[in-house]
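Look over the sequence and the model below before reading on. The report then describes how some parts pack together.

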Amino acid sequence: MANGGPVEHGYPHLDTVRAAITALYKRLSYDTVRTFATSVLPADVAFSDQDDLHLGAQRVAHELVRHYRLPDARMVVSFREMTHAANVELAAGPEYFVELNDRFRTHRRDIGAALAHEVMHVYLHRLGLSFPSTRDNEILTDTAATYLGAGWLLLDAYREDGASSQKLGYLTPEEFGYVLAKRALVFGEDPAIWFTSPQAYTAYTKGLAQARRDEQQPPLTSAGWAGRRRYARDRRYAQDQSAPGPHPGVPYSFTPGGRGPLRVSFPCPTCHQRIRVPVRGRVRARCGLCRTVLECDT
């Protein structure tokens, strides 16, 4: 939790974020991901200063349990002084104990954001889905909460001006915006209407631009002129070599096809699973993981 300190910006965790999206599709399946087409609505997690602190926190926690479809999970929420925003005890269940930073006693509008992350820890724990390091596992948790419809709360908790700053979660604001945009492009959702923080809206627009760049990389037909020109040059080089190697700085790579044609592999712009297709001009490819149909010019 950045509380008055510097807020990191940019995309330093982008590779891990993309790996987390792929892991979600692999573990949950396309059909299960589609059941999260509707995000948590602001009215369902609203928390005013007039609400009872503990009853209100329990209510919001219950709403997130419902959203993540954890019907037999019970959250017991308490408050104490700590460095981090929150903590959850991951036991066998069905009761889970969540501790929130004392700061949320007077910043109740952000309790939903903190709980979105902690309840997702429980969801991933039950799925048996995790990344090896603590840092990567926290990035997985933020990414999963956002992609499955509750992470817009975490981005909306980001506020920054000349005198103060606040940010929850391990992703940068732009990375939260990126994952939100990836979700919006899949489900046709516009999370921008829910933001109360102007800085969150700006981060979302930057993340959306980054997400759209994923859809404009060769060999996709939507790639721009410069990308297509470099791709054609790299393809010529690969065709002239007996063992075509990787090309730094681009998402695609060429591999020998044995007795068949040269092949190119590239990440699916939706789930980032790598797709491998023959180099033979116009090709329509279908991602086997997220079922996205891609128009390619290989």
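## Two helices in contact

Contact here means heavy atoms within 4.5 Å. Helices (H or I, at least four residues) and strands (E, at least two) are DSSP runs, numbered from the N terminus. The model is predicted, so local features need pLDDT of at least 70 and side-chain atom pairs pLDDT 80 or more, while totals for chains, interfaces and linings use all residues. Residues are numbered from 1 along each chain as its sequence is written, and side-chain values use heavy atoms, without hydrogens and water.

In helix 4, A116, H117, M120, H121 and L124 meet E138, L140, T141, D142, A144 and A145 of helix 5.

An open sheet is formed by 3 strands in the order 2-4-3, with mixed pairing; two strands pair if DSSP finds at least two bridges between them. Strand 2 (74-80) and strand 3 (86-89) are at the edges with a single partner strand each, so one side of each has no neighbour in the sheet.

Strand 2 pairs with strand 4 (residues 95-101) in the parallel sense over 7 bridges. Within strand 4, L100 stands opposite F79.

## The nonpolar core

A nonpolar core is a set of buried Ala, Val, Leu, Ile, Met, Phe, Trp, Tyr and Cys residues joined through side-chain atoms within 4.5 Å, where buried means under 20% relative accessible area (1.4 Å probe, protein chains only). The largest one has 96 residues, and L100 and I111 are among those with the most contacts inside it. Helix 4 gives the largest share of this core, 11 residues.

How values were computed
Buried < 20%, exposed > 50% of the residue type's maximum accessible area, 1.4 Å probe, protein only.
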